[in-house]
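Colleague: Could you take me through how to read salt bridges and burial together, going from the general idea to the case at hand?

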Amino acid sequence: MATIEECRAALEKLSDNMNRAEGDVRTAAALDRSVSCLITDLDVTFVGRMTGGRIVVQDTVQGPPREKAQIRLAMKGDDLVAMVDGELNFARAWGSGRVKLEAGLRDLFLLRKLL
């Protein structure tokens with residue numbers, strides 16, 4: 001089971017990847033939205049903001065997020081690490097229910113390019 005530190009490192013790596021993106025992916029990464037990522041097996045939520053092509057984690061809270069972010073993810077820590085490392089395909093994980101993504105329709109359309 002991935003640790004909180006490994007999950008935070010995976011989010012940092014994802015942020016770095018987003019910052020280096022080009023083309024349509026860069027456009028999706030440039031969104032300015034509040035973000036939460038619930039790590040279900042650790043019962044911890046990373047809360048932050050997607051801005052300037054990066055994900056900035058502002059806080060880590062116990063349990064589910066206290067406020068509804070504009071982009072909400074939920075998954076196990078091992079799945080987060082595997083996705084960022086390229087070992088788990090986001091679309092398949094989302095389709096099978098291993099990963100949950102909630103956002104507005106316009107954001108989902110843009111995020112599909114990123115994820």
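This is a predicted model: local features need pLDDT of at least 70, side-chain atom pairs count only at pLDDT 80 or more; totals for chains, interfaces and linings use all residues.

Colleague: Which residue forms a salt bridge with Arg33?

Modeller: The general idea is to look for a side-chain nitrogen of Lys or Arg within 4 Å of a carboxyl oxygen of Asp or Glu. In this case the residue is Asp107, and the closest N and O atoms of the pair are 2.9 Å apart. The two residues link distant parts of the chain, since Asp107 belongs to helix 5 (residues 105–114) and Arg33 to strand 1, 74 residues apart. Asp107 is buried as well, with a relative accessible area of 8%.

Colleague: How many salt bridges does a search of the whole structure find?

Modeller: The search finds six, and one of them joins Asp32 to Arg49, with 2.8 Å between the closest N and O atoms. Asp32 sits in the loop between helix 2 (23–29) and strand 1 (33–39), whereas Arg49 is in strand 2 (residues 44–51), so this pair ties together parts that are 17 residues apart in sequence.

Colleague: What is the relative accessible area of Asp32, and what is that of Arg49?

Modeller: Asp32 has a relative accessible area of 40% and is partly exposed; Arg49, at 29%, is partly exposed too.

Colleague: Is Asp79 buried or exposed, and with which residue does Asp79 form a salt bridge?

Modeller: Asp79 counts as buried at 8% relative accessibility, and its salt bridge is with Arg98, the closest N and O atoms being 2.5 Å apart. This pair again links distant parts of the chain, with Asp79 in helix 3 (residues 77–84) and Arg98 in the loop between helix 4 (90–96) and strand 5 (100–103), 19 residues apart. Arg98, for its part, is partly exposed, with a relative accessible area of 43%.

Colleague: How many of the eight residues of helix 3 are buried, and what covers them?

Modeller: Six of the eight are buried, and the helix is therefore described as mostly covered. The buried residues of helix 3 are Gly77, Asp79, Leu80, Ala82, Met83 and Val84, and what covers them includes helix 1 (4–19), strand 1, strand 4 (71–75) and helix 4.

Colleague: Which residue takes a positive phi just after helix 3?

Modeller: That residue is Gly86, whose phi is about 80 degrees.

Definitions and conventions: Residues are numbered from 1 along each chain as its sequence is written. Side-chain values use heavy atoms; hydrogens and water are left out. Helices (H or I, at least four residues) and strands (E, at least two) are DSSP runs, numbered from the N terminus. Buried means under 20% relative accessible area, exposed over 50%, partly exposed in between (1.4 Å probe, protein chains only). Contact means heavy atoms within 4.5 Å.
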